[in-house]
Each structure stands twice: as structure tokens, then as C-alpha cells.
Amino acid sequence: MSELERPGAQQWVPPRPSLRNLREAVQGCRGCELHRDANHGVMGEGSLRSDLLVIGEQPGDQEDLQGRPFVGPAGKLLDQALEEAGIDPGRVFRTNVVKHFRHEGTRGKQRIHKSPSRWHVAACGPWLVAEVGLVRPRGVVILGATAGQALHGSAFRVGEARGLLRPWPGVPGETGTSHVPEWVLATTHPAAVLRSRRRAEDLAALVGDLRVAARALEGREVI
Ligand code: URA
Ligand code: SF4
């Protein structure tokens with residue numbers, strides 16, 4: 001696909017975003033080709049009073065079918081980990097760096113996830129900028145390498161950065177700053193924990209990282 005055919009999402013983002021108009025508008029987005037093989041554009045969900053924004057990669061099979069983020073197995077594990085870390089899942093806004101499901105082939109009835117490329121991430125950035133401006137979170141948790149590289153650049157590695165509070169790097173390509181969260185913290189993606197052969201250990205590490213975020217939200221840990 002040429003750059004002309006991948007114009008980016010900006011022209012579809014409503015000038016005065018609300019949860020409702022973002023959800024409606026993303027269905028019409030033609031900012032890249034991923035909308036073609038997906039059922040829904042999946043915007044973030046959660047309370048507008050959330051202190052924490054959690055950013056995943058892209059909707060999965062279930063999320064695409066239901067049009068809602070983190071409703072499948074990874075989302076269930078995320079909620080469990082948040083609760084174990086002492087973070088009220090009701091005060092969390094969950095979203096993804098890419099809003100349409102990229103997949104390739106099938107396994108049984110499930111379509112197989114394929115990570116979005118950096119071009120898709122760049123095209124989809126304006127939706128994330130709108131969400132950050134709408135939710136105005138105190139802190140941000142980034143799940144996994146795709147979301148980490150989307151925000152921190154291609155040299156980002158979860159293993160080196162996880163569990164550390166860092167300054168908000170902004171969304172690449174953002175023009176003007178709508179809101180600057182106090183900190184951002186990266187950790188593993190719960191989907192990676194589900195696939196892991198050392199699941200209990202990896203879940204404990206995810207919860208450990210989220211505890212740092214919990215303390216930062218209480219002002220007991222500062223950047
Ligand atoms: N994985 C993600 O990164 N996001 C979702 O919404 C679901 C699974
Ligand atoms: Fe638009 Fe993002 Fe969907 Fe591409 S993935 S069509 S930029 S919403």
C-alpha cells in the first residue's frame with residue numbers, strides 16, 4: 001500500500017472528541033488498510049475519571065467481533081493482575097495503539113493475530129492522541145513491545161525498561177500537546193504471559209510492575 005493510500009487517521013478524528021463520537025468515527029476510518037479485514041474499529045473504554053491509561057497493541061479476535069477492547073483472555077488476565085496489584089480496574093481506561101485487528105490465517109475458528117507494522121501504528125496515532133486528551137490520565141502503563149516501540153521508538157525493549165517510571169514521551173507525530181501524563185511505565189503484555197511456559201513467574205512479574213504503578217498513583221513512588 002502506498003503512502004497515498006495510507007493517509008493516517010487524522011482526518012477522521014472528530015474536532016471535539018467524546019467517548020461516543022470517537023467510537024462512531026473510528027468505524028469510518030480509512031487511515032490505513034487494516035479496516036478492510038476487520039469487523040470493528042475498537043476504541044478504548046473506561047471511566048473518563050480514570051487515573052490510569054493502559055495501552056495494549058491491537059484488538060484481538062474477540063475484541064474485533066465485539067467491538068470492545070480487552071474482552072478476551074488477555075483482558076481477563078489484565079484485570080486479574082490489576083486487582084492483585086491493588087489497582088481498581090474501574091479506574092482504568094484501556095486502549096490500544098492500533099484500533100483495527102490485523103490477522104493472518106486461522107487456527108480453528110480463531111483468526112491468528114499478526115502484529116501491526118510501525119506504519120499502521122503511525123497511521124493510527126491520532127486516535128491515541130485524542131484518547132489521551134480526553135481521559136487526561138495521571139499515569140500510563142504500556143503493555144508489550146509493539147506499544148512500547150510505538151511510544152519510545154524502535155530501540156525499545158520491554159526487558160530493559162519494565163517496571164520503571166519514565167517521563168511521557170508523547171505520541172509520535174502528535175502536533176500540539178493535549179495532555180502530559182506524569183509518568184509512563186512499561187511491562188509485559190498479558191497475552192505473552194498466557195503463552196509463556198513460566199506462566200506463574202511471568203504473571204508475578206507483571207503484577208510486580210503494576211504495583212509500582214499503584215504506588216505512583218498513590219504518590220508513594222515518584223519519577
Ligand atoms: N490484546 C491487546 O493488546 N489489546 C486488546 O484489546 C486485546 C488483547
Ligand atoms: Fe484507521 Fe487505525 Fe483502523 Fe488504520 S488501524 S484504519 S488508522 S483506525
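## Contact between α3 and α8

In this predicted model, the residues of helix α3 that meet helix α8 are L77, Q80, A81, L82 and E84, and their counterparts in α8 are L203, L206, V207, L210 and R211. Sorted by class, the contact of α3 with α8 comprises seven nonpolar residues, one polar residue and two charged residues.

Helix α3 spans residues 73-84 and helix α8 spans residues 199-217, and the two pack at an angle of about 55° with their axes 8 Å apart. Because angles of 65 to 115 degrees count as roughly perpendicular and those under 35 degrees as roughly parallel, α3 and α8 are therefore described as oblique to each other. The crossing of these two helices, α3 and α8, is right-handed.

## Contact between α1 and α4

Helix α1, residues 19-26, packs with helix α4, residues 118-135, at an angle of about 170°, and the axes of this pair are 11 Å apart. Since an angle over 145 degrees counts as roughly antiparallel, α1 and α4 are therefore placed in that class, roughly antiparallel to each other.

On the α1 side the contact is made by L19, L22, A25 and V26, while α4 contributes W127, A130, E131 and L134. By class, the contact of α1 with α4 has seven nonpolar residues and one charged residue, with no polar residues.

## Surroundings of ligand 1

The residues that surround ligand 1 are G56, E57, Q58, P59, E63, P69, F70, N96 and H189.

Among these residues, Q58 has a backbone N or O atom that lies 3.0 Å from a nitrogen atom of ligand 1, and F70 has a backbone N or O atom that lies 3.0 Å from an oxygen atom of the ligand. For N96, the side chain is involved, with one of its N or O atoms 2.6 Å from a nitrogen atom of ligand 1.

Technical notes:
Residues are numbered from 1 along each chain as its sequence is written. Chains are lettered from A and ligands numbered from 1 in the order in which they are written. This is a predicted model: local features need pLDDT of at least 70, side-chain atom pairs count only at pLDDT 80 or more; totals for chains, interfaces and linings use all residues. Side-chain values use heavy atoms; hydrogens and water are left out. Axes are lines fitted to C-alpha atoms, for helices over the stretch in contact, and angles run from 0 to 180 degrees between N-to-C directions. Helices (H or I, at least four residues) and strands (E, at least two) are DSSP runs, numbered from the N terminus. A crossing is left-handed if the near helix is turned anticlockwise from the far one by less than a right angle, and right-handed if clockwise. Contact means heavy atoms within 4.5 Å. Ala, Val, Leu, Ile, Met, Phe, Trp, Tyr, Cys and Pro count as nonpolar, Asp, Glu, Lys and Arg as charged, and the others, Gly among them, as polar. A residue is near a molecule or strand if one of its heavy atoms lies within 4 Å of it. A polar contact is a pair of N or O atoms within 3.5 Å; within protein, one must be able to donate a hydrogen and the other to accept it, and residues adjacent in sequence count only if both atoms are side-chain atoms.
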